Structures are given as C-alpha cells and as structure tokens.
Amino acid sequence: MQTVAQEKFKPISKDQNAERVVRPSMSYWADAWRRLKKNKLAMVGLIVLVVLTILAIIGPFVQPYSYQEQDLVARNQAPNAQHWFGTDDFGRDQWVRIWWGTRISLFIGITAAVLDFTIGVLYGGISAYFGGRVDDIMQRFIEIIYGIPYLILIILLIMVIGPGVFTIILALATTGWVGMARLVRGQILSLKEQEYVLAARTLGASPARIILRHLIPNALGVIIVNATFTVPGAIFAEAFLSFIGLGIKVPLASLGSLLNDGVGSMRNFPWRLIFPSMVFSLIMLSFNLLGDGLRDALDPRLRK
Amino acid sequence: MNNILEVKDLKVSFHTYAGEIQAVRGVTFNLKKGEALAIVGESGCGKSVTSQAIMRLIATPPGEIKSGSSILFDGKTDIVKLTDKEMESVRGSEMGMIFQDPMTSLNPTMKVGAQITEGLIKHQGLSKQAARERAIEMLRLVGMPNPEARIDQYPHQFSGGMRQRVMIAIALACNPKLLIADEPTTALDVTIQAQIIDLMRDLQEKTGASIIIITHDLGVVADIAQRVVVMYAGKVVEQGSVDDIFYNPQHPYTWGLLRSVPRLDNDEKEPLVPIEGTPPDLFAPPKGCAFAARCPYAMEICLESDPEIENVSAGHSAACWLLHPNAPKVERPVEVGGHHNG
Amino acid sequence: MLRFILRRFAYGLITLWVIVSLTFILMHNLPGDPFANSEKLTPEARAILMKTYGLDQPIWIQYGAYVKKVFSLDLGVSFYYPTRSVNEIIAGTFPTSAQLGLFAITIAVIVGLTLGIIAALNHNKSWDYFAMFTAIVGVSVPAFVIGPLLSYYVGVKLGILPPALWKGPEYWVLPTITLSFTTLATMARMMRTSMLDVINQDYIKTAKSKGLSQITIVFKHTIRNAIMPIITILGPLTVNIITGTLVVEQIFAVPGMGKHFVQSISTNDYTMIMGLTIFYSALLILAIIITDILYGIVDPRIRLSKGGK
C-alpha cells in the first residue's frame, strides 16, 4: 500500500470538482472545418480555386487588351512578352480570353449549382416533408424526368432558345435539380423519423419552420458535398456543348469554347490547347478534391 | 492450469486525426475454464475494445495493441504475439464471437447455411455435405425451427432474434473453448433478450465453453455470469464474483451503476439515481482517478494520482482511494448494501 | 419481381412519350426551318416540300401523325439526305457506335473495379494514392482534351496507332481509351468508396471472427457486397458512355451515330435530330431499366421480396 500524506484525503468541494469535468466540445461545423483543414489535397484544391477565381477577376485587366480586340498583325503568336499566352487566329490575346473564359465558366458552374440547389432542396424538401399523396405525385414526376438523358435535353433546349450564357444556365438548371431533389428527399425521409423533429412538431412548429430550421441543416452536409460536385459537372456540360457546336458564341469565350478552338489548332499552335486545358483541368481537379475532402469532413459516420 | 484466459496489462490505443485515444489503459483479469464472466461499464469505457483485442479484431492502423500487453489463451498461446496467419486458426475454431447488432453482423448476400459452414470447412476440413449437416444440427441446437429449410435462406428473411441465433450457431459451430458475446441482447426486444440469454446459458452447460459477455445490462449479468469486471474509462475499477459486486461493491462507480438500475430484490421503493456528468476524454486521460470528476466522494489525492488495485477479499478487488487506510470512512449508499441510519 | 419489371417498363414508355412530345414541341419552335439554308428555292418549290413533309398541316395533326409513326418504329426521312430514312441511317451507323461503346464500358468496368479494389485494400498507402490520383485526373480531364492529345501524340507524332477512323482492331484502341477514361475513373472512385464502406461493416468483422483468411474475406464477403451499389450506377455510366460517343466519334472521325447527330445539329436536319434524340433516349432508358433489373437479380434482398420495390 502506498504511503500518502493524511491531508490528501480531504474531500474536495463539489464546485471545485465540477470545473474539472469540462471537456472541449466542438460544434458540427467547427469539427468539420478542422477535419477539412487536415486534408491536404482538399486544401490544395481550395487554394487553387481561390487563386483561379482571383485571376479570373483581375486577370483580364492586367493586360491592355479586351477579349474581343482583334489584331490581325499579331495573329497566331506563341507566348511572348506582349501576349503571355499567345494569340489566336484573329490576334486576340489568349491570356485575357482565358481568364475571361474562366470567369464565364465559373459563373455558369456556380449559378447552375445554386439553381440546382435551390430547386432541388425546395422540391425534395416539400416532397419528403408532406409525404403521402403529395410525395407520390412529385416522385412520379421525378421518375419521368429522371429518365430523360440530360445532355440530350440540353441540346434540344439550346437549339430552340439559342446558345448563350443564360440559356446554358437555364438548360442546365432545367435538368440538373432532379438529382439534388432525390438526394434531399432521401436525406429528409431518414431524418424525419428522428426524435428531435417529432419534438419540434409537438411544440407546434410550422412545417416551413421545421423544414428550414431542423431538417435542412441536418441534411446539409450531404447536400453541400453534392453541390460541390455539381459545379464541375456544369462546367463540363458547358464545355461539352461548346465541343459539339452549341456553346458560347464568339467573340465571347468560355473555357469550353477555347478548348474547342485549341483542339482545332493543336498541331500548329499547341499552346492554344495547353493553356485552356490546364486551367480547365485545374478547376475540375480542385472542385473534385475539395468535394472529396468535404465529403470526408462532413460525413457524420466518420465523426469521432 | 485452469484459466482459459489471462489478460494482463492490456493497453489499446487508436491513432486518429486528433491524436491518440487511449481506449484501454492497462486491463488485467482472468477467466476460468467453464466460467461466464461479464464485463460491464457505460458506452466508451473500453469493454468492446477489450473483447475485440482478445479476438485480435482491432484494425491496425488506426488501432494498436501496446507492447507489454499480454493475452494468454489456454495457458500456452499469447494472442498478442501470434502472426496474422496463426491468429486465423485460433479465431472461429478456439474462440467464437457474437456481436451486438444481428441486423448488420450477417452478410446480406450470402445464405445463412454458407455463413455457418465456411468456418467448419476451413477449420475442421469437413466436406461440403458434412459441413451442411453440421450446420443444420447447429441451427437445431440454437432453437431454429425447420432448420433444413432455413439453412438456404438469406439473413433478411430472419427476424432479429433468429439472426442472433444464427450468429450463435456460427460462433459455436467449431466447438470453441471461448465464446465472446459483445452486447448480444442490446439490439433485441426484451422478450427475445431473455430467450437469447437462456439459450447461451443452456449452450454453455452443454458445450462447457467459457463465456465473456460484454454488457451494460446488470440484469443480464445476474442471469448468466459468475464473475464481473467493472470497467471505467479504459480501466478495471472493480472485479469480483457476482455476489461481491451486487452485495458488497467497493468502488463508488459500481455503486453508481447499481443505483442507476431498478432492482427487483429490494422491497423498498427507491428512486433511481443517475451518475452525473460524462466520462473523461480519452485523448487526454486525467492524471488521477478517471472517475474523480464525477465521484461524490472525490478527495484531493484522487485528482493527483491513480489508485492502485487493492484486494478486498479473495477474488474481489477494486481500485479506489477510499480503500486506503488513511481515507475517511464513507457510508455506502443504502441501496447498494449500506446500513440504514434511520 | 415480374411486377417490378413491368412497372419499370411502363415508366420507361411514359418517359419516352414525354421525350417524343418534348422533342416535337421544341423542334417546332426552332428558329428557321430546314429549308431556310437553301436560298435558291422558289416559294412554290418550298410549298411543295412543306407539303411532302406534312409541314403545312395543323400542329395537332402533325403531332398525332408523328407519335403514331414513332411508336410504330418509323422515325421518318432525313431532311438533309432526302433519299435516306432516319431508320436506315441508324441501322448503318449504330453498330459502329455500339461496338465502340461496348469496348469502352468493358474496359471501364474491368480496369475501374480493379483499381478501386486495389486502392481500398491498400487504404491510405501509396497504391491507394496512386490509384485515386489517376482516378481524379480521369474525372477532371474530359475526353475532348484527352482524345485530341492521344490522337496527335500517339497517333501522329509517335505513329504507333492510327490517329483516326474505325477500320480494324488497331483503330479501336485510342477511341476506346478516350471514351472509357472518365467512366473508368468514376468507377474506380465509386468502387473504392463502396469497398471501404463494406470493410467497416459488422459482417466483415463476423467473417474475420470465423478465422477466414484475408483472401476469402476480400473475395467472398467484401467485393461481392461492394459491387451491389456499383450496379446501380452502371445505368447512368452507360448514359455517360453513350453521350461520350458524340465527342469521341467527332475527334477520331469514327463513322458512328454520334457523328451524324452532331452534324444534324449544324444542318438543322429536323427529322434526323428528332429521330436520333428519340433513339438515344430509348437506348438510355433501356440501359437504366436493365441495370435496375440486374440489381434486382443480383441482390437477394430485392429478388426475394414480393411485389417489387
């Protein structure tokens, strides 16, 4: 038996004791952010995205050219001191055009994702919350829409309304929300059965309040991850449309249309393909890395 | 040697993003042949990790059984030192395990028959036909009606209780010397719980296997176990026979556990008393006694250093500073065997 | 199970009908008509042409006639090649596209699954990082960048493989790689996630507690269960492959249906666009129905439950 000084056996007061119980509690979001920060690849993705966004905003102003300014004397130049990324067939500065295109591609991607998100969350949320007949009808509708191959529908829509930034966004949003709506519905259906929702309902909270305050915040993790993957999806779809001749029309540029031009002149002027494909791939890569990181960080099952 | 299992100074840690979690921090206990031992404690106290360490089911990484730990099985093999390959021939044949949730512990895409025969074919070298017959026999043994037909069904065609019976059949198929049951009744309906416990007790008598049952249900403990290990924050705080623990508990945590469940053997109407607070963070276990922060009897020494395990009587020991001769005499709460003071 | 299949087909038909109607409506609201490009036409000749194609009829009659024709599997005559019916063009070009698509999906499934399994079994080790880096690059770099690069560097510069056309086995390699790349990468990522998910399941612990060897656990318990959710995404992936053929056929000058589709967009070939859209849609719907049924067959939980879902 150890020898211990007698005075050590004095009982300690309750208050003094209670203080020591404190253990650091972390909110869901703080915890998720901590996990995300530890994920090097996701952070690289995030930083690259921030840098690319800044370049997309200020890039075009660094050079004294506009995206549509032609200079037939300076056609098809390789990268040089005046034209950092070279010029195209019409002597337009590629540096300016690429950042201008990045701006448009990011705009298309983000706007489409926001629209998908809004429509999907509303539709899925309403469908899941009300359940029964409402859900049944809304789901039958989704089942029909879901069967429609979205790229084909987009092609048709764009043929009718004509290509342009807003028509592309519109076309993407018309078809893109379905996946999100299904996801939100699934999430909410599983959450709906949980006690805290029942508690809120017993306390007399209105449906709208329950959806906005209780269900959506709890399903938000998965939804955010999905939205992160929607952005590169939309950017890709825009590029695909450009490739089959339904994209942004010149003189405006998007990464997709620049890629398409680049492919055409690859043999003689490889830099016209290399620069836009680098920016394009970096954007796609960063969003995917960030999305993966967010998924790992926000997945409650992985929480310890 | 009449100990089937001797666990000595078992330490298990998990390495996570946030640092090292010391889930089990030096656990020592023995299990006699033919004995049923219960490990009790609240969620996160390390009881499941201990049982999985015995089966070497801790995934490494992130888990790690620390050096210095030893798990002597059947007097000769130290489980900790076996290679993965050697361990395969121990698992399933010498030890079997039942898990908490029968809804998830069976492979959903495989017929239950195949899930039982797998181990038989591997460990006992039975032919497919012989293994099948043995599986039918096992299913009958665990009380499955119409086993000849049920053997060709998939897990989703069984109820929870029936699935747990299948799990028991799998665990006992090769006549193991040790059966580890990790909360085998927690996920089941109350009526089914009793059936499963009866079945396990019955099978223990028939096969003579030793049992470790992990639970937080003291009713289950009283039903099946002869000895009890009480764990808190990765350590054993008290161990003894069922009578020792129920009628002469020494550790304030054990008192707390006993007071927090209703007892039928007591005539008086007594309120249930919860244990206040939450267990400590095992990222950074406290320097002193892990229970001190929640202990109504905590003393200064409790915060400063961890109490050693003291023998109370033969086979009964506890780790608490109150057992120190210099400690003030504390009156045990009435419900757990203290004296009535009027 | 039978009810489930019938139900899926019923939905497929409704979806198809919606697509037919939508295509019809959209095409009739297109700016310009198919003869707008040929300026030499006199008004009289134009009127005759409109009549032969039924474009002078009220829209409801045109719609009724069109739906009837489509569901009797007649997709009409091309505006651009007036001597050829859309059916003929599909018959002539679809086999090539189907061949390319099948090659690509086979490669994507085999290589993708293998990569995913290897990555999951070596979780957080260099093989995992390698496989996942390849996969994420595959998801990020689209076919219309990889295709031209392969065609130029491997086809033209190195001259190992033909840079274009579709005339024999050596011609198949580059288009197939290009087309399968994204799908392969998606597959690998999905399989890895699914494997990791299964590895953490209780029943894997049960399998381990039986003392089964690592190999048995991986093949009999893990992979089998991990593939289940992958089957559900085979449908959407087939869709990706099919739409991918539009791009890949363009890049490698493969004489398939995708090339015709893209062409018909630029020539305003109404009937062709409508016909091909409907054919593509039918194909995609069928692909999704087949994967649903396949999933039902493979997963005993669905196969043995009575009355479908």
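E35(B) counts as buried, at 8% relative accessibility. Let us start from this residue and work through some exercises on a model that is predicted.

**Exercise 1. Find the residue with which E35(B) meets in a salt bridge, and say what the pair ties together.**

Step 1. The side chains of E35(B) and R227(B) meet in a salt bridge, with 3.8 Å from N to O. The cut-off is 4 Å, so this pair falls within the limit.

Step 2. Now place both residues. E35(B) sits in the loop between β2 and β3 (36-40) of chain B, while R227(B) belongs to strand β10 (residues 227-232) of chain B. The pair therefore ties together parts that are 192 residues apart in sequence.

Step 3. Check the accessibility of the partner. R227(B) has a relative accessible area of 14% and is buried. The limit for buried is under 20%, and E35(B), at 8%, is buried too.

**Exercise 2. Take the salt bridges R56(B) with D84(B) and R140(B) with E148(B), and decide for each residue: buried, partly exposed or exposed?**

Step 1. In the salt bridge of R56(B) with D84(B), the closest N and O atoms are 3.1 Å apart. This pair links distant parts of the chain, 28 residues apart: R56(B) is in the loop between α1 (47-54) and β4 (63-65) of chain B, and D84(B) is in helix α2 (residues 84-90) of chain B.

Step 2. R56(B) has a relative accessible area of 15% and is buried. D84(B), at 57% relative accessibility, counts as exposed.

Step 3. Turn to R140(B) and E148(B), where the closest N and O atoms of the salt bridge are 2.6 Å apart. R140(B) is partly exposed at 47%, and E148(B) counts as partly exposed at 41%.

Step 4. Widen the view to networks and totals. K33(B), D74(B), K76(B), E94(B) and K177(B) are linked in a network of salt bridges. Over all chains, a search of the whole structure finds 26 salt bridges.

**Exercise 3. Describe how domain 1 of chain B touches domain 2 of chain B.**

Step 1. The domain assignment of chain B gives 3-225 for domain 1 and 232-323 for domain 2. Their centres, taken over C-alpha atoms, are 27 Å apart.

Step 2. Count the contact residues: 22 residues of domain 1 of chain B are in contact with 18 residues of domain 2 of chain B.

Step 3. Find the area. About 1,700 Å² is buried between the two domains, and carbon and sulfur atoms give 60% of this. R25(B), E42(B) and L218(B) supply 42% of the area that domain 1 of chain B buries against domain 2 of chain B, more than any other three residues.

Step 4. Look for specific pairs. The count between the domains is one salt bridge; R294(B) forms a salt bridge with E42(B), with the closest N and O atoms 2.9 Å apart.

Step 5. Assign the touching side of domain 1 of chain B to its elements. β2 (19-32) and α8 (218-224) of chain B each supply at least two residues, and the largest share, eleven residues, comes from β2(B). By class, that side has twelve nonpolar, seven polar and three charged residues.

**Exercise 4. Carry out the corresponding analysis for chain C and chain A.**

Step 1. The contact takes 43 residues from chain C and 35 residues from chain A.

Step 2. The area buried between chain C and chain A is about 3,600 Å², with carbon and sulfur atoms giving 78%.

Step 3. One salt bridge is found across the interface of chain C and chain A. The side chains of D292(A) and R189(C) meet in a salt bridge, at 2.9 Å from N to O.

Step 4. The largest share, eleven residues, comes from α1(C).

Step 5. Finish with the classes: the side of chain C that touches chain A has 30 nonpolar, eight polar and five charged residues.

Definitions and conventions:
Residues numbered from 1 in each chain as written. Chains lettered and ligands numbered in written order. Predicted model: local features only at pLDDT ≥ 70, side-chain atom pairs only at ≥ 80, totals over all residues. Heavy atoms only, no water. Domains from an automatic or database assignment. Contact = heavy atoms within 4.5 Å. Buried area = accessible area lost by both parts, 1.4 Å probe. Helix = DSSP H or I, 4+ residues; strand = E, 2+ residues; numbered from the N terminus. Nonpolar A, V, L, I, M, F, W, Y, C, P; charged D, E, K, R; others polar. Buried < 20%, exposed > 50% of the residue type's maximum accessible area, 1.4 Å probe, protein only.
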